[in-house]
Amino acid sequence: MYRRVIYQSSHLAVHSFTEQSGTKRGQRRAILRASLFIIPAIVGLALKTTDTAAAQSITQSFAVHDRNAKARVDHTAWSILLKEFLVEGSDGINRIAYGPFKETKHSSLKSYVKSLERIDPRTLSRPEQFAYWVNLYNAKTVDVVLDKYPVASIRDISISPDLLDLLKQSVGAGGPWKAEILTIAGVALSLDNIEHDILRPIFKDPRIHYVVNCASYGCPNLPSEALTSANLEAQLDAGAKAYINHPRGFQITSGQVTASSIYQWFQADFGGSAEAVLLHASKYAEPSLKNRLRGITTIDSYRYDWSLNDAAPASGNGASSQGVTAR
């Protein structure tokens, strides 16, 4: 009897210890799982705070211009390359022949980009600056793609990825935009810096989105010639009209509006509401689209296709991708 009591007590103690150990192991696993989300979030918050301060510094630095400047930046080299390798499709979409471009003229593109890096854009007039930054963004984007080509999407490309980039890549949302790959007037810049810290806040023109190209099927067309201060307004208007009147910009089916995700991601640039976006679209819409947009004040869905804008894709360029997040 005594031995039985001892045995039962020992058994209960062991069972209790096992339960406690199991509970602790479960707690440790739960903590570990939570840390996989919490730590990146904390790191991301810290990086975002740092990025915000850096972005403000960049904006302030490049907000300077010379209204009396007469200098003109020569973008002839970029226009020549576009004439040779940009293919204007019968479907209204401009694509790049990346294969031949990489084989024959990639070094020429790099030379053009380097020539822009040697210029201090703060010495230029506002129109010259606008053209300079757009051409630099577009040329460097093509350069980045050529460096890694062949790829199915620019989001498959990462340059010196940090923790957040790796996490984004793991869910198919990577890309080269945050890497500092240019040096202008002694300042290291990324493609995101050019678009979001210079072009958008300084020039405050929604038509920017129609001339900066992210090498994707869903993006507004890459202009078929370099922007200049002389052709700037015409190019901006042409880009807006081409995109808004193409199904990538807007589609209306049974009164339901599907718009490019650009109008969701950057809604603030187009007036701050779906109704304002539609008013903006009406300004550039052809008569048939304008009539169909009349009286509509909401956008029912958004979509965007990140397939590479390749003139000779390996497979399936142009498949629609809906519900993707902003970069």
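In strand β7, R303 is the bridge partner of S260. This pairing belongs to a predicted model, in which the protein chain holds 11 helices and seven strands.

- As background, the strands of a sheet pair through backbone hydrogen bonds, and they can do so in either a parallel or an antiparallel way.

**How the strands pair**

- Strand β6, made of residues 256–260, runs antiparallel to β5 and is joined to β5 by four bridges.
- Within this pairing, F250 has A259 in β6 as its bridge partner, while T253 is partnered by Q256, also in β6.
- β5 and β6 together form a hairpin that has two residues between the strands, and in this turn S254 has a positive phi of about 55 degrees.
- Is β6 mostly covered or mostly uncovered? Four of the five residues of β6 are buried, and the strand is therefore mostly covered.

**Two helices that cross**

- Two packed helices are described by the angle between their axes together with the distance between those axes.
- Helix α8 (residues 232–244) and helix α10 (residues 274–284) have axes that come within 9 Å and cross at roughly 110 degrees.
- Because an angle from 65 to 115 degrees counts as roughly perpendicular, α8 is described as roughly perpendicular to α10.
- On the α8 side the residues that meet α10 are D237, A240, K241 and I244, and their counterparts in α10 are H280, A281 and Y284.
- The residues of this contact between α8 and α10 divide into four nonpolar, one polar and two charged.

**The chain as a whole**

- The protein chain has 327 residues, of which 45% count as buried.
- Its accessible surface comes to about 16900 Å², and carbon and sulfur atoms account for 55% of that area.
- When contacts between residues at least 6 apart in sequence are considered, 68% of them join residues at least 24 apart.

Conventions: Residues are numbered from 1 along each chain as its sequence is written. This is a predicted model: local features need pLDDT of at least 70, side-chain atom pairs count only at pLDDT 80 or more; totals for chains, interfaces and linings use all residues. Side-chain values use heavy atoms; hydrogens and water are left out. Two strands pair if DSSP finds at least two bridges between them. Buried means under 20% relative accessible area, exposed over 50%, partly exposed in between (1.4 Å probe, protein chains only). Axes are lines fitted to C-alpha atoms, for helices over the stretch in contact, and angles run from 0 to 180 degrees between N-to-C directions. Angles under 35 degrees count as roughly parallel, over 145 as roughly antiparallel, 65 to 115 as roughly perpendicular and the rest as oblique. Contact means heavy atoms within 4.5 Å. Ala, Val, Leu, Ile, Met, Phe, Trp, Tyr, Cys and Pro count as nonpolar, Asp, Glu, Lys and Arg as charged, and the others, Gly among them, as polar. Accessible areas come from the Shrake-Rupley method with a 1.4 Å probe; for residues, only the protein chains shown count as cover.
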